[in-house]
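The sequence and the structure come first.

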Amino acid sequence: MISNCGHDENGRYSGGRAGDQTGTEWQIRAWYDRPWTHVLRHPDPDVRATIAALAEEAAGNNLIGYDQGQRGTFWEKLKAADYHPAKITAACEADCSSGVAALVKAAGYLLDKKRLRDVPADMYTGNERQILTDAGFDCLTAEKYLSSDDYLNRGDILLAEGHHTCVNLTNGLYVRDEGWHWLRVDGVWYYQDAFGRNKHGWCLIKESGGTYSHWYYFNALGQMQTGWQTIDGKRYFLEDQGDLEGALYRSDADGAQAIWSI
């Protein structure tokens, strides 16, 4: 599956109303053969996971639509929403490449990675390959990555150079499970891969055997944070007990708080 921002409500590239009027301007859909020319893959699994989670949020928020003429408004609203597309509350627009650029930049802010933060918001498909490789992405061109999704990782970026780009959301048939798992040491929770590498920064993690995912925050040592925390100058509350210890709370329009389920 991919997160695909491809047309306005009239099937055109510009001129429509702000926001997603049909639910298909930015949507989750099955992988398709564009054909693709490159796959951009960041070597850090935290980066890939965050880009994919943000791409899912963007596709799920119908206040985010498609319009090349207003392509910069998504990034402006995303900054104001603490870099989470699900928190955007005013209609805005992206196109495929400005949308990908905004997601990569947001991942840079959430994970404190300067090279990702510095990706230009006005990136387009003609310079995307160079910009993202300069930012640390690997560029894959073998036929197996371009002709199907069997070898794609969640969080890979698909590029048809000069034409289109989108974010892959699912691990392919032949992708090895990276084995992410919870580990508790001296009363502190960590989230590690099969090689013992810790998650850092914001991370969206699915309930074990469940339906919903929740945001968690891990400090520079990989330690899961709970209770009130100041992160990048903003205050957050993370569940401090129970089965969902560490899960992020959000407030609704009336100020009522509940764990943020995605």
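Predicted model: local features only at pLDDT ≥ 70, side-chain atom pairs only at ≥ 80, totals over all residues.

How many salt bridges does a search of the whole structure find? The search returns 11 salt bridges.

An open sheet of 6 strands is present, with antiparallel pairing and the strand order β2-β1-β8-β7-β3-β6. The edges are formed by β2 (26-29) and β6 (138-140); each has a single partner strand, so one side of each lacks a neighbour in the sheet. On average, neighbouring strands of this sheet are turned by 25 degrees against each other, direction ignored.

Within the sheet, strand β1 (residues 2-5) is paired with strand β8 (residues 164-168) in the antiparallel sense over 2 bridges. Opposite I2 stands N168 in β8. In general, strands of a sheet pair through backbone hydrogen bonds.

## Helices packed on the strands

Helix α1 (residues 45-60) packs on the sheet and touches β1, β2, β3 (38-41) and β8. The direction of α1 makes about 115 degrees with that of β2. Helix α3 (residues 96-111) lies across β1, β2, β7 (157-160) and β8, and runs at about 40 degrees to β8.

The length of α3 can be checked against expectation. At 1.5 Å a residue, its 16 residues should span 22 Å, and the end C-alpha atoms are 23 Å apart, which agrees. Helix α3 is mostly covered, since 15 of its 16 residues are buried. The residue that follows α3 is D112, with a positive phi near 60 degrees.

## Nonpolar cores

The largest nonpolar core has 50 residues. W26, F74, V104, L132, F137 and W202 have the most contacts inside this core. Helix α3 supplies the largest share of the core, 9 residues. In soluble globular proteins, nonpolar side chains tend to be buried together.

Which residues are in contact with W26, leaving aside its neighbours within four places in sequence? They are S3, N4, C5, D20, A55, A58, A59, I64, F74, A94, G99 and L103. A second, separate core has 12 residues, including W31, L146, L158 and C166.

## Salt bridges

Side chains of opposite charge can pair when their charged atoms come close. D112 forms a salt bridge with R117, and the closest N and O atoms of this pair are 3.0 Å apart. D112 counts as exposed because its relative accessibility is 61%, above the 50% cut-off.

E161 forms a salt bridge with R129, with the closest N and O atoms 2.8 Å apart. E161 lies in the loop between β7 and β8, whereas R129 belongs to helix α5 (residues 128-134), so the pair ties together parts that are 32 residues apart in sequence. Both partners are partly exposed: E161 has a relative accessibility of 26%, and R129 has a relative accessible area of 32%.

## A charged network

Salt bridges that share partners join D82, K87 and K234 into one network. In the pair formed by D82 and K87, the closest N and O atoms are 2.9 Å apart. Is D82 buried or exposed? With 15% relative accessibility, D82 counts as buried, because the cut-off for that class is under 20%. K87, with a relative accessible area of 26%, is partly exposed.

Key. Residues numbered from 1 in each chain as written. Heavy atoms only, no water. Pairing = 2+ DSSP bridges. Helix = DSSP H or I, 4+ residues; strand = E, 2+ residues; numbered from the N terminus. Axes fitted to C-alpha atoms, helices over the stretch in contact; angles between N-to-C directions. Contact = heavy atoms within 4.5 Å. Expected span 1.5 Å × (residues − 1). Buried < 20%, exposed > 50% of the residue type's maximum accessible area, 1.4 Å probe, protein only. Core = buried A, V, L, I, M, F, W, Y, C linked by side-chain atoms within 4.5 Å. Salt bridge = Lys/Arg side-chain N within 4 Å of Asp/Glu carboxyl O.
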